Amino acid sequence: AERTDLLLEGQELARMGFFRVDLETGSVEASPFLKKLFGFGPDEVLTFQEYESRIHPDDRSRVRAAREQAISAGEDLYDLRYRISPGSRVIHPVSARVHVNRNAEGRPTELFGVIQDLSEREEMEKRLRVSHELFRQYMENAPSALVMASAQGRIQDVSPSAERLFRLSREQLLEMTLLDLFPSSYVDEGRKRLRELAARGHLSVEVPFRTSTGKAGWGRWDA
């Protein structure tokens, strides 16, 4: 019982469930999580037709075609992503990996598969895309020079304002390190500041800089 509870909890955490379809009778066995995901009750007896009814109408023919292709081509395993709609205005993107079991004559007798709910993952990916776009807009329009660099000081991205300040293109700056932006007389101090930044996690200090034309200036380094 303890092992069963652990398995059920693991399926919930992974947002994943298992199913088996008897191709001769059309009956379906599904794990508790999968039944809940598809909008069925825990004790509800399922048929293959009922399972397919919860696939999004726009994806139904594609899912059916993938299954028929695997069966007719003699394939034992196939993967696909589609959407399910367990209720009004409820849509879950899912990924499925399905194994086709065959008898001694090679005739398919059952499908056994794993289905994972991708809702949380896709929502996170969407938020990351929005966050990345907002950051990109900030970089593009920042009035102050913005320079992104690795922990080792290698420049990874710059704002247009940084290109204007240092009189260098983005491509040129991406070939440089933060130390390359300092006058030669400040390089040793710059290394010290980088070590201080790594140790403290933040830094705000006045530093000198030089442009590609040799012009020198001072600015505040906030990192």
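Here are some notes on the salt bridges and one surface patch of this structure.

1. A word on the basis before the details. This is a predicted model, in which local features need pLDDT of at least 70 and side-chain atom pairs count only at pLDDT 80 or more, while totals for chains, interfaces and linings use all residues. Residues are numbered from 1 along each chain as its sequence is written, and side-chain values use heavy atoms, with hydrogens and water left out.

2. Let us start with the charged pairs. A salt bridge here is a side-chain nitrogen of Lys or Arg within 4 Å of a carboxyl oxygen of Asp or Glu. By this rule the count comes to 19 salt bridges.

3. Arg107 pairs with Glu24, and their closest N and O atoms are 3.3 Å apart. Helices (H or I, at least four residues) and strands (E, at least two) are DSSP runs, numbered from the N terminus. Arg107 is partly exposed at 43% relative accessible area, whereas Glu24 is exposed at 55%. For these words, buried means under 20% relative accessible area, exposed over 50%, and partly exposed in between (1.4 Å probe, protein chains only).

4. Now for a pair inside a helix. Arg62 and Asp59 form a salt bridge with their closest N and O atoms 3.6 Å apart. Both belong to helix H4 (residues 57-72), where 3 residues, or about one helical turn, separate them. Asp59 is buried at 6% relative accessibility, but Arg62 is partly exposed at 39%.

5. Helix H8 (residues 187-200) holds Arg191 and Asp188, 3 residues apart and about one turn of the helix from each other. Their side chains meet in a salt bridge of 3.1 Å, N to O. Here Asp188 is exposed, with a relative accessible area of 59%, and Arg191 is partly exposed, with 40%.

6. Do look at the network as well: salt bridges link Arg136, Glu140, Asp157 and Arg170.

7. Finally, the surface patch. Phe135, Tyr138 and Met148 form a nonpolar patch with about 280 Å² of accessible area together. Patches are made of residues with over 30% relative accessible area and no salt bridge, joining like charges within 9 Å and nonpolar side chains (Val, Leu, Ile, Met, Phe, Trp, Tyr) within 5 Å. Accessible areas come from the Shrake-Rupley method with a 1.4 Å probe, and for residues only the protein chains shown count as cover. Met148 lies in strand S7 (residues 147-149) and is partly exposed, at 32% relative accessible area.
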